[in-house]
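Welcome, and please take a moment with the sequence and the 3D view below. The notes that follow are meant to be read alongside them.

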Amino acid sequence: MTETPAGSGPARDRERCVRILVVDGEASFRGVCELFAADPGFPCTLDARGDLDGAVAALASGEYDAVLLDLHLPGCAELEALERLAGTRPAAAFIVITGADDQALATRAVGAGAQDHLARHELDTRTLVRAVRHALERARLQEQLRRFNEDLERRVAERTRELEIFTHSLSHDLRSPLQIIDGYAQLLREDLDPHLGDEQLDYFERLHASVRRMARLLDGLLQFSRATRSQIHREPVDLGLAVRSFATALRREAPQRPVRFVVADGLHVRGDPHLLASVLENLVGNAWKFSRAREPAIIEVGRADRDGEPVFFVRDNGVGFDAREAATLFEPFRRLPGSAGVEGSGIGLAAARLAVERHGGRIWAEGRPGEGATFYFTLPEA
């Protein structure tokens, strides 16, 4: 159907002409033309299509500002027409027209992207023009918001990249002088060893321990940075296999420790194998450190269902923690009371939280002083 101008007079020169696509029957189109023509202060041109395919083609090739859509087009499911048209030109303003008893359908249409809805039996010039003007304004604001979000995401990506370069450079540049300090301290200790007393030996031990702690902090910064920025590659992952491999490495480091690992079978998920491995290493490593006073220490890794949702957990019988501290466990550089003498950077749990959240999951902890701790996490693609 050809375009039909509606509205005339001096106002057409003062206000930009609005192009409207009417997706409805021919008789209804004539009625809509008459309603718009009755308001000379609203300059517009109208074009009509009576079927969905024709409307989609017109919207794809034409610069329309608004779409008046009958939700009861022949051969279309409830919101099929709206979804296809909105997908063709998301920036257009959509006003849906419904029957008198379609309030629930109209509400769903607004939720699906329409800016407004009108009941056919209530259509008059004032209501129709006001609805189009309001819909155009809402669509304009939504488009501004979309562009703002895109610009914000771009800026965040740029700042994140800058932070990545800075973190990597900082870690690399600081690690070299640390190694030099530690190396010369060891040489000095060896040269002076026959003349050192207990106090001087303690000084060297403190120096070496401080160098090791600084190195762990640098490693933690890199790990935290990777958890924040690295691209996720999802593939099948056996969490149990990763835990058993890490447990073997821990036993090699401290073969004298009596630690019993209990790892469930069937811990299969889809996710990034490197990020999920870092989650398990941080949680299991945390359990290993804080259960060092137990004989035997027991570290259990398994899966449970809560309200129909699979939940993975890492449980230990270590020192535990006060429940009031649970909310702050995953903050960077946060160290729990009682962690003095326990090696760590204070970044591992924060990195684990980021990695889980980047998979769309969540992580939390439960524990009591002296009764161990359990760390839970979910993965939507488990």
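Where is the place of Asp307? Asp307 sits in the loop between S10 and strand S11 (309–316), where helices (H or I, at least four residues) and strands (E, at least two) are DSSP runs, numbered from the N terminus. This is a predicted model, in which local features need pLDDT of at least 70, side-chain atom pairs count only at pLDDT 80 or more, and totals for chains, interfaces and linings use all residues. Residues are numbered from 1 along each chain as its sequence is written, and side-chain values use heavy atoms, with hydrogens and water left out.

**Backbone details**

- Most residues other than glycine have a negative phi, and most peptide bonds are trans.
- Asp307 has a phi near 55 degrees, a positive value in a residue other than glycine.
- Between Glu295 and Pro296 the peptide bond is cis, with omega near 0 degrees.
- Pro296 belongs to the loop between H9 and strand S10 (297–306).

**Helix pairs**

- Two packed helices are described by the angle between their axes and the distance between the axes.
- Helix H3 (residues 52–61) packs with helix H4 (residues 80–88) at an angle of about 15 degrees, their axes 9 Å apart; axes are lines fitted to C-alpha atoms, for helices over the stretch in contact, and angles run from 0 to 180 degrees between N-to-C directions.
- H3 is therefore roughly parallel to H4 (angles under 35 degrees count as roughly parallel, over 145 as roughly antiparallel, 65 to 115 as roughly perpendicular and the rest as oblique).
- H3 passes H4 in a right-handed crossing; a crossing is left-handed if the near helix is turned anticlockwise from the far one by less than a right angle, and right-handed if clockwise.
- From H3, Leu52, Asp53, Ala55, Val56, Leu59 and Ala60 make the contact with Glu80, Ala81, Arg84, Leu85 and Thr88 of H4 (contact means heavy atoms within 4.5 Å).
- Helix H8 (residues 239–253) and H9 pack at an angle of about 45 degrees, with their axes 10 Å apart.
- H8 and H9 are therefore oblique to each other, and their crossing is right-handed.
- Residues of H8 in this contact include Phe246 and Arg251, while those of H9 include Glu281 and Trp288.
- Helix H9 (residues 273–290) also packs with helix H10 (residues 348–358), at an angle of about 145 degrees and with axes 9 Å apart; this crossing is left-handed.
- Among the H9 residues that meet H10 are Leu275, Asn282 and Asn286, and their partners in H10 include Gly348, Ala352 and Arg358.

**The second largest pocket**

- About 360 Å³ of space lies in the second largest pocket (on a 1 Å grid over the protein atoms alone, a pocket is an open set of points where a 1.4 Å probe fits, with protein on both sides within 12 Å along at least five of seven lines; lining residues have an atom within 4 Å of a point).
- Its lining has 19 residues, and Arg16, Asp65, Ala91, Leu136 and Arg140 lie nearest its centre.
- Helix H6 (residues 125–192) gives the most to this lining, with 8 residues.

**Around Leu123**

- Leu123 is found in the loop between strand S6 (116–119) and H6.
- Leu123 and Val32 are 91 residues apart in sequence and 8.8 Å apart in space, C-alpha to C-alpha.
- Leaving aside neighbours within four places in sequence, Leu123 is in contact with Leu35, Ile97, Leu118 and Leu128.

Notes: Points joined across faces, edges and corners; volume = space filled by probe spheres on them.
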